Amino acid sequence: MSGPITDQDAGPQRESCHPDPPEVELTESRIATVGDMQVRRALPRRRRRTVGAWCFVDHMGPAAVTEDQGIDIGPHPHIGLQTVTWLLSGEVLHHDSLGSEQIIRPGQLNLMTAGRGVVHAEEHTGKFRGDLHGVQLWVAQPEGTRNGDPDFEHHGELPQVDLPGVDATVVVGEFGGVESPARRDTDHVGVQLEFGAGASASIEMKPSFEYAVVVMDGSVSIEGSDITPGHLAYLGEGRDECGFSTTEHTRALLIGGVPFEDPIIMWWNFVARTKDEIVEAQRSWMADDTRFGSVNSSLSRIPVGSPPWVAK
Ligand code: MN
């Protein structure tokens, strides 16, 4: 659920073409393999690299897992980003180089801040058998914190707002007059929206934010576009509300934020500003020097070669 960025997702840098988005811009997710699982990668794509500070969205499952085989992503490093893990079903065990050991279950948030460097592994729990279904997102860190200390937070409960036609869980940021306790380094929001069949709801928005929707199960209709799992629906900026309707029970994730102004470079598990920063992080990881530390995991460290722009 945490996965390397490759050239198939998007080049390491922003491309020059910026078509004006339509009212609802639908992008198809790419099927990628992460650990032992297939995921639908909704961000980044060539046409859409960020939504606010959100720079990565993997939708995983539902897929059958057992007590001793699940997502199973061995120790790997991150820099310059936060990982946001959110499950609809199943359990995942998180280990990191800060010494955290945390099982996450549906309705809970694991939020890891990489800063200058952290390592984590995501594993089967040894106890859970059933369907694993969830999302992992990354948030690019701003200049003020991206070289700072790593951090990990687990939130066992998050604020809920029941609005006409929709039950919202505020994962990150502020929505419906309530605020998630999760750390936030930029002005962004992430909300799970749960609709019954035949629901119709007006979702509040901030005109200064850009927004996108990823459907995790079911289907939602926005301004005549039907959005199903496997797509990112980009809604743009300048809205103060947006109408959502459903014909079946649906859970979707609404992400948004002030457009991220710093041009970011993403490669493998790193978010940076320059290619040299990426190369430095890759070399530290492969040298196993003191930058990233170690993680208590039964799985093997994930190696990575040099970025493609480095002369062999
Ligand atoms: Mn990861």
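Author: A definition comes first: two strands count as paired if DSSP finds at least two bridges between them. The model discussed here is predicted.

Reader: How many bridges join strand β6 to strand β11?

Author: Strand β6 covers residues 81-89 and strand β11 covers residues 130-140. The two run antiparallel. Pairing needs at least two bridges, and the number joining β6 to β11 is 8.

Reader: Which residue in β11 stands opposite Ser89?

Author: Ser89 belongs to the stretch 81-89, which is strand β6. Its opposite residue in β11 is His133.

Reader: Which are the edge strands of the open sheet formed by 7 strands?

Author: The order of this open sheet is β2-β3-β4-β11-β6-β9-β12, with antiparallel pairing. An edge strand pairs on one side only, and this applies to residues 30-34 and 151-155. Those stretches are β2 and β12.

Reader: By what angle are neighbouring strands of this sheet turned against each other on average?

Author: The value is an average over neighbouring strands, and direction is ignored. For this sheet the angle is 20°.

Reader: What is the average twist in the open sheet of 4 strands?

Author: This sheet has the order β5-β10-β7-β8, and its pairing is antiparallel. Its edge strands are β5 (73-78) and β8 (101-104). From one strand to the next, the twist averages 25°.

Reader: Which residue in β10 is the bridge partner of His94?

Author: Strand β7 (residues 92-96) and strand β10 (residues 118-123) run antiparallel and are joined by 4 bridges. The partner of His94 in β10 is Glu122.

How values were computed
Residues numbered from 1 in each chain as written. Predicted model: local features only at pLDDT ≥ 70, side-chain atom pairs only at ≥ 80, totals over all residues. Heavy atoms only, no water. Axes fitted to C-alpha atoms, helices over the stretch in contact; angles between N-to-C directions.
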